[in-house]
Amino acid sequence: MENLLNIEKYTYYDYLRWTDNFRYELIEGYRKIMAGVSEWHNIVVQKLIRLSEQFWSDNDYQKYFMFSSNFDVILFPEDDVLKSKTTVQPDLGFCKKEKRVGKTIIGAPEFIIEVISSNPSYDYRTKYDLYEKAGVLEYWIVAPREQNISVYLLDKEKNKYNEPVCYELDRGEKVVSVAIPGLELDIKTIFDFRGLE
């Protein structure tokens with residue numbers, strides 16, 4: 001849990017009251033300042049959102065809700081949500097519609113995508129551990145520099161992620177979701193940076 005402000009523990013109630021200009025996530029009661037993202041991170045997130053929205057409109061999905069990082073996700077909700085101690089803002093996610101309350105997702109989404117920016121260990125370790133513990137069924141880590149996507153699927157019996165399936169740009173594969181049936185994203189489109197070097 002690197003780069004956490006380990007002064008005292010906070011709740012979602014405290015989180016909602018912070019009025020400075022920083023973006024935070026709340027990790028087991030500790031607040032973490034969200035660093036600014038790279039240009040590549042921003043481009044890849046926009047492509048993922050656009051491709052997912054196209055899938056949504058083509059399939060007229062009714063069961064799931066798609067959200068991006070302007071939504072708070074309360075992974076381990078208490079009886080009183082304001083007392084919850086872990087709130088994250090994934091780059092992209094999908095959850096059953098009943099988990100959405102305004103601009104908040106209550107409980108573990110079915111599917112989360114994080115795009116690596118300045119701190120890979122935050123996605124590969126901290127977020128990985130949280131999403132596994134919360135029961136997120138499918139977790140993708142997208143690496144713009146390496147141009148690959150690691151897909152982790154939850155073994156429900158063990159409540160542990162299986163070894164990842166890694167999709168590489170040079171193999172030109174489509175990345176297929178298990179948690180969201182029918183969702184396939186073209187890795188060549190995701191990592192097409194022509195004209196941006």
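Reader: What makes Phe191 count as buried?
Author: Its relative accessible area, computed on a predicted model, is 3%. Buried requires a value under 20%. Phe191 is therefore buried.

Reader: And what makes Phe193 buried?
Author: Phe193 has a relative accessible area of 8%. That is under 20%, so Phe193 is buried.

Reader: How many aromatic pairs does the structure hold?
Author: The structure holds 17 aromatic pairs. One of them joins Phe191 and Phe193.

Reader: How do you know that Phe191 and Phe193 form a pair, and which geometry does the pair have?
Author: The ring centres lie 6.3 Å apart. The limit is 6.5 Å, so the two rings pair. The planes make an angle of 70°. Over 60 degrees counts as edge-to-face, so the pair takes that label.

Reader: Which residues do ring pairs link into a cluster?
Author: The cluster contains Tyr10, Tyr12, Tyr15, Trp18, Phe22 and Tyr24.

Reader: What places Arg31 over the face of Trp18?
Author: Arg31 is 4.8 Å from the ring centre of Trp18. The cut-off is 6 Å, with an angle to the ring normal within 35 degrees. Arg31 counts as lying over the face.

Reader: Where does Lys133 lie relative to Phe76?
Author: Lys133 lies over the ring face of Phe76, at 5.4 Å from the centre. That distance is also within 6 Å.

Reader: What makes Lys133 and Glu28 a salt bridge?
Author: Their side chains meet at 3.8 Å, N to O. The limit is 4 Å, so the pair qualifies. Lys133 belongs to helix H3, and Glu28 sits in the loop between S2 and strand S3 (30–33), so the bridge ties together parts 105 residues apart in sequence.

Reader: Is Lys133 buried or exposed?
Author: Lys133 has 53% relative accessibility. Glu28 has 30%, which makes it partly exposed.

Reader: What makes Lys127 count as buried?
Author: Lys127 has 1% relative accessibility. Glu25 has 0%. Each value is under 20%, so Lys127 and Glu25 are buried.

Reader: What makes Lys99 and Glu110 a salt bridge?
Author: The closest N and O atoms are 2.8 Å apart. That is within 4 Å, so the pair qualifies. Lys99 is in the loop between S7 and strand S8 (100–101), and Glu110 in the loop between strand S9 (104–106) and S10. They are 11 residues apart. Glu110 counts as buried at 8% relative accessibility.

Reader: Which residues do salt bridges with shared partners join into one network?
Author: The network consists of Glu25, Glu114 and Lys127.

Reader: How do you know that the span of H3 is close to the expected one?
Author: H3 (residues 120–134) has 15 residues. It reaches 20 Å from its first C-alpha to its last. The expected value is 21 Å at 1.5 Å a residue.

Reader: Where is the kink in H3 centred?
Author: The kink is centred on Lys127, at about 35°. The buried residues of H3 include Lys127, Tyr122, Leu130 and Ala134. Just after H3, Gly135 takes a positive phi of about 95°.

Reader: Which members of the largest nonpolar core touch the most other members?
Author: Leu48, Ile149 and Ile180 do, out of 27 residues. Elements that give two or more residues include helix H2 (39–59), strand S12 (148–155) and helix H4 (187–190). H2 gives the largest share, 6 residues.

Reader: Which residues does the second core include?
Author: This separate core has 24 residues, among them Val73, Leu75, Leu130 and Ala134.

Methods: Residues numbered from 1 in each chain as written. Predicted model: local features only at pLDDT ≥ 70, side-chain atom pairs only at ≥ 80, totals over all residues. Heavy atoms only, no water. Helix = DSSP H or I, 4+ residues; strand = E, 2+ residues; numbered from the N terminus. Expected span 1.5 Å × (residues − 1). Bend = angle between axes of the 7 residues up to and from the residue. Buried < 20%, exposed > 50% of the residue type's maximum accessible area, 1.4 Å probe, protein only. Phe/Tyr/Trp six-rings, centres within 6.5 Å; stacked < 30°, edge-to-face > 60°. Core = buried A, V, L, I, M, F, W, Y, C linked by side-chain atoms within 4.5 Å.
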